[in-house]
Amino acid sequence: MRTEVDQAAVGAVRRLVATFAASEPQYVDSSGSYKESDTRSEFIDPLLQALGWDIANANGIAPHLKDVVREESQEQEDSAVKFPDYTLRIGGVRRLFVEAKKPSVDVREHMESIRQARRYGYSGRDPIVVLTNFRDLVVYDTTFGIDVSGDVAATGRIYRWHYTQFESHLEEIAKVLGRVEVAASDWSTQFSSTAPSQPVPADEEFIKQFNGWRLSLGRYLHAQDSTISVADLNDAVQRVLNRLIFIRMCEDRGIEGERTLRNAVANSKSVAALLNRLHRRYNTGLFDTSAAPLAGRVSNSILQRIVTNLYAPHSPFSFAVLDATFIGLVYEASLAEHLTVIDSGGKPEVALRSKREYEHRDVVSTPQPLVDSTVRAALEALPNEMTEPKVLDFAVGSGRFLLSVFDKLLVAETERQVAAGSSNVMKIAPNEYRLSFSEKRRLLVANLFGIDIDYNAVEVAKFSLLVRLLQDETKQTLPPASKQSILPDLSGNIVWGNTLVRSLPTSAAADQIALTRPLDLSATALPPRFDLCVGNPPYMTTTEMRAFDLNEFEYLRDAYKTTFQQFDKYFAFLEFGLTRLKPRGVLGAIVPNKWTTVVSGREVRNMFRTSASLVRLDNYRQAQLFPGKQIYVCTLIAEKGPQQPFVYSEPTTLAQRVAGFTINPSSLPTSATGAWVLPANFLEEKALNAVTANSIPLSDVVEEKNGIQTSAERNERYLVTEPSSLQGGLLQWTDKFGVQNTVEASLTRPYLKDSKVVRSHHEVSADRLIIFPYQPSDSAPSGWEVIDPTTMQRQYPNTYAYFLSHKSELDRRQMSEAERRKAFYAYGRTQAIPYASVSPKIIYSTNQRGLKYGIDRTGIVYSSGGTAGEVALFPKGTPYSLDFVLGLLDQPPIELFLRKRGSVFDGGYYARGTDVIGETPVPRLDFSDQNDVEFHQDVVDAVQVLQKLHAKTAAVSQRGLDTHRAAIAGARETLSTLFNQRWGLTSAEVGALGTDPV
């Protein structure tokens, strides 16, 4: 370590080592006269300080942001409280735990200490944990759990340094434990090579255990009473597990006595007595045996098996470290499945199955940093006078948004009351205060509210909030046991029902009402209006809503203004949130980012220009924030008030902090419902303004049309691959199954299957043939009709025989019954039949990153489907040439527009369907103006030069390839210069956009 500061650290460590060495025999004396508290204050604190950690918060950082949290309760070494000794944090976010022992405890081999430290790190989902008695400093990998029977002291151990090595290995130690190094975003990556090949994260391990307990309890209760309903079965099981986990968390926090639960389950009478005592003490309803008699039917033998696995050494977890957020994540994952009774070989069996609403959808937990950043931004947007905002989570789930709000309200309220000299705060360390339990409770009950349609989610949210309320509390800081109602009843705060639906028609059946669960808000204890609405509402397409609950879908369609065309369910949640706000109230939500551009988001955009104003919009574009899922989201913060400028940004990761770019309302589309193409910086704003000024939409120049849709899997049964010609106008080919097929050549057309062959400034070449069972017709409105089966069999017997051999497969296609009746081999959709084989046209790939616009001059059939396949642009009879359009689409500023206007996909691909491409800005040309005519012709000439050059590429020798490529680059530069000069942009500015086609 070579810097001046590093030399100071070396000197500090050298002095510590010398001091320890001078009296080592006394320190390690097994009599234990030298205590852990002495070790921490005399050696470990200074060691961490030498590594850059502000142990005593000498810099006076706000308590919630300070570097190190030390557990003062550990001063009493016989304490039952089992918190880690040090929590090392960066900006208030925990990075790792450090567990301390006295020197007489050999941390190299003492398995109880090793397991304890590993449990802390594993439960906290940290990459490592540090265990030290200063004599030795040991680092363990905590990405995997503990195997009691197989683990030894060395299991998971990454580093071990003896104190005599501290000075010589200080650089290595600092890399792992130094404050500067730990703050680096890539700090944890250095440990990835040490982890097991398939570690099971703590939350996944807990979920696995949790679901096992659910099954055991469910099967036992069902065996006792086979008439028990599925709902009652799930509720009883959840209540039992909530009780057990709650008690264990209280034990490890020192609120309840050590092994209280384990001792109670040894005797059935003790269990009943314990529940009654806890009911009197906490009064939450959780332990009320009269309100939940089914939960009391569980035998002690079942409870003992579960409880045993809640304690060390069988449990890999520390319940002191498992906070409310972790519990929320576990429950969130479990909410997608419920216990149900299935038929197993003629016998009923309890099993875990997906709830109906999740049968075809994944459960995806919102990343905690995304929750926290959204909540933080929403709270910051509130007016200063709203010191205790009333907050609603409109889709509360496990309660993680409310937990985040609660944490931040506690910090703000503590600081406010300290400044006011209030007696409601306790000083727990120099410059550190904690809000009293009674004030925490008041803040929770008075300000935090939630709604969810899932009854079990409501119970989980209440449970999570109560766990959070007890966090940082001890037996001494809670009201005396003689007082009742320590914890609040949150049944009025967290409400069960449908956030969006107030009522159903009187004709609705009971099962429909039970599914939709309409909620009369006036009959609840919820406030009529809120200062803040937050959440991550469910995303559900129109198709999914119709299939799941048609009554709810129809209600949303009729009751909400934003439910336009193919709307998503989250549209209605955004509208609901805004309607429940007070004036100047704030909405903070995480939703898909498509609402800014898709046609169906029209009324949502209109809402943010009339009923409310955005404050901040962080659009994560193609960033994958949800591991393993292709979900493209934004966080929006809006205020219920008049239109104002808002900040727009495009972060690429959750960790990235982007100041953002201010968008003025005047720069939004003139139409209140138009798509929002938003710049993320000044250069993008300049480029977008340049290309849209004095322009016309591409739809005025060309006609954008989707291709055919056979509705067959990848059109496979209609495609002819590498055929050989036979006499009599027949084609023969062998399919991928080795079957030889024959069709009439006159019923085929050239076809494009592989979009790789579509390249800008190249002519498109067909790579397949497609069977085209249609013929011109004067009587058909489109001018074309499917060849009827009788004619097909008579005139095209080979093709008919081919189709007939695949009839069962073709009959399974989803298609219009009217078309199916005409012929079983008709295409699924016929709109494209009249024009699909017409030329010339531009064919382009819908999902691309640029350079995928080709010209078709031979009449190639193409297909489209959603965000895949190809679209074609046909001339509209204007003076604009298709070659001019090809040159325009190749320009980076236009690519920037299309990427902003279209939908983004993983890998940097951007979809641009017919509704997107038609809005492409085209320079408005006056063809009676000689300058405009010359500009148009210059562009066409440059494009044709490029096309000719590309056409020659295959014939260019290796010797001449570099020269040829330089000629292509020069031609492209000529083309770009023409457009850049027209737009008033420099080549440097265009190059800095980062949208060069690839």
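Serine 711 lies in the loop between β21 (702-706) and β22 (719-720) of this predicted model. The phi angle of serine 711 is near 70°, a positive value in a residue other than glycine.

Asparagine 694 has a relative accessible area of 53% and is exposed.

**The protein as a whole**

The protein has 998 residues, and buried residues make up 53% of them. Its secondary structure comes to 32 helices and 37 strands. The C-alpha trace spans about 100 × 75 × 60 Å along its principal axes. Among contacts between residues at least 6 apart in sequence, 70% join residues at least 24 apart. The protein exposes about 42,500 Å², and carbon and sulfur atoms supply 49% of that area.

In soluble globular proteins, nonpolar side chains tend to be buried together. In this model, the largest nonpolar core contains 154 residues, of which Phe206, Phe246, Trp595, Phe608 and Leu636 touch the most other members. Helix α8 (residues 230-252) contributes the largest share of this core, with eleven residues. Apart from this core lies another, of 45 residues, among them Tyr853, Phe884, Val916 and Val940.

Which residues does phenylalanine 246 touch, not counting those up to four places away in sequence? Phenylalanine 246 touches Tyr282, Leu286, Phe287, Phe463, Val467, Leu470 and Leu487.

Helix α20 (residues 569-579) gives another view of burial. Ten of its eleven residues are buried, so the helix is largely enclosed by the rest of the structure. The buried residues of α20 include Lys569, Glu575 and Gly577, as well as Tyr570, Phe571 and Phe573.

**Aromatic rings**

A search of the whole structure finds 49 aromatic pairs. One of them is formed by phenylalanine 935 and phenylalanine 979. A pair of aromatic rings is described by the distance of the centres and the angle of the planes. For phenylalanine 935 and phenylalanine 979, these values are 5.6 Å and 85°, and the pair is edge-to-face. The pair links distant parts of the chain, 44 residues apart: phenylalanine 935 belongs to helix α30 (residues 930-952) and phenylalanine 979 to helix α31 (residues 961-983). Phenylalanine 935 is buried, with a relative accessible area of 8%, and phenylalanine 979 is buried at 0% relative accessibility.

Elsewhere, one aromatic cluster includes Tyr718, Trp733, Phe772, Trp784 and Tyr827.

| Charged residue | Ring | Distance from the ring centre |
|---|---|---|
| Arginine 248 | Tyrosine 311 | 4.1 Å |
| Arginine 849 | Tyrosine 909 | 4.4 Å |

A polar atom of the side chain of arginine 400 lies 2.5 Å from the backbone oxygen of threonine 366. Leaving aside neighbours within four places in sequence, arginine 400 is in contact with Thr325, Gly328, Leu329, Glu332, Ser365, Thr366, Pro367, Gln368 and Val371.

Serine 987 lies in helix α32 (residues 987-991). With a relative accessible area of 52%, serine 987 is exposed, because the exposed class covers values over 50%. Serine 987 and alanine 955 are 32 residues apart in sequence, and their C-alpha atoms are 32 Å apart in space.

How values were computed: Residues are numbered from 1 along each chain as its sequence is written. This is a predicted model: local features need pLDDT of at least 70, side-chain atom pairs count only at pLDDT 80 or more; totals for chains, interfaces and linings use all residues. Side-chain values use heavy atoms; hydrogens and water are left out. A nonpolar core is a set of buried Ala, Val, Leu, Ile, Met, Phe, Trp, Tyr and Cys residues joined through side-chain atoms within 4.5 Å. Buried means under 20% relative accessible area, exposed over 50%, partly exposed in between (1.4 Å probe, protein chains only). Helices (H or I, at least four residues) and strands (E, at least two) are DSSP runs, numbered from the N terminus. Contact means heavy atoms within 4.5 Å. Rings of Phe, Tyr and Trp (its six-membered ring) pair if their centres lie within 6.5 Å; planes under 30 degrees apart count as stacked, over 60 as edge-to-face and the rest as tilted. A charge sits over a ring if NZ of Lys or CZ of Arg is within 6 Å of the ring centre and within 35 degrees of the ring normal. A polar contact is a pair of N or O atoms within 3.5 Å; within protein, one must be able to donate a hydrogen and the other to accept it, and residues adjacent in sequence count only if both atoms are side-chain atoms. Accessible areas come from the Shrake-Rupley method with a 1.4 Å probe; for residues, only the protein chains shown count as cover.
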